[in-house]
Amino acid sequence: MSLLLGFGLLTCIASSESSSVFVLKGQDVRLDVQENVKLKEIEIFKWTFRSENIVRCTDTLSVRVSPEYNNRVEFYTGNFSLLLKNLQQNDSGPYTAVVNGDKEKTIIAYLLIVQERVEPPVLTVDSVSTINATCNVTVTCRGQNTSVTSSCNSSTCSQVGGESRGAETATVPLLSVYVAGGFIICNQSNQVSWANDTKEIVELCPMKSVSPPAGSMSVCMLKIILVSVGLVIMISAVITVHIRDRFHYG
């Protein structure tokens, strides 16, 4: 269900009571009203934040913005949507559209969560080992207030230490380690941004640990065969010349 038209990078997650909206700090977001609101006489439409008025609109479309929100919001009388500008983390919280008349009616509610861009994580190599011709690299991925230690090979990583978390929260980003495209990738993300650090597997693993594909020939074996063939050809040539000389002078 799309309940929001946003400006900047954001995510909207709907629930039965309200829609959680994640937006990058410093960006704008517009909160939309999905109902076709028709104000009756003496009815007032309001947007509120933590129960404090942001804007009031009467049935004659007379609009009053609270002084603390001057130059920070725009209100659209055509559809009663609200544009919030240059959001900061203290703007996080519940935003509600209501109509006041004989009784108060909630039109729509949002839970706005403003997040900062995540910091780049740091990926460090703890150890490199070879077991059964497979190169294993132990790495530690360090992010904001958390770290994950994983054992990786050329195809996958498995966590062996650090915190285990399945999803980011509003304050702590998600930290993950995985293998893709020949790289070990340490990725940190929240709902509005991501950053990573990488290590190329081929630079970490010695060549001897890389097993040749099944049915292929190693370079060393190929050199041995070529040298052997060369020696056979040289010996055959010497024997042929010797036999020809014996027949010629005999």
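I began with Val160, which I found in strand 15 (residues 157-162), strands being DSSP runs of E of at least two residues, numbered from the N terminus. The model is predicted, so I kept in mind that local features need pLDDT of at least 70 and side-chain atom pairs count only at pLDDT 80 or more, while totals for chains, interfaces and linings use all residues. Residues are numbered from 1 along each chain as its sequence is written, and side-chain values use heavy atoms, with hydrogens and water left out.

I noted that Val160 counts as exposed because its relative accessibility is 55%, the cut-off for exposed being over 50% (1.4 Å probe, protein chains only). Leaving aside neighbours within four places in sequence, I listed Thr149, Ser150 and Ser151 as in contact with Val160, where contact means heavy atoms within 4.5 Å. I also looked up Val148, twelve residues apart from Val160 along the chain, and found 8.0 Å between their C-alpha atoms.

I next turned to the open sheet, in which three strands lie in the order 16-17-18 with antiparallel pairing; two strands pair if DSSP finds at least two bridges between them. Its edge strands are strand 16 (174-180) and strand 18 (194-200), each pairing on one side only. Between strand 17 (residues 183-189) and strand 18 I recorded seven bridges, and I noted Trp194 in strand 18 as the bridge partner of Ser189.

Last, I looked up the aromatic rings and noted one cluster formed by Phe45, Trp47, Phe75, Phe80 and Tyr110, where rings of Phe, Tyr and Trp (its six-membered ring) pair if their centres lie within 6.5 Å.

Note on methods:
Helix = DSSP H or I, 4+ residues; strand = E, 2+ residues; numbered from the N terminus. Buried < 20%, exposed > 50% of the residue type's maximum accessible area, 1.4 Å probe, protein only. Phe/Tyr/Trp six-rings, centres within 6.5 Å; stacked < 30°, edge-to-face > 60°.
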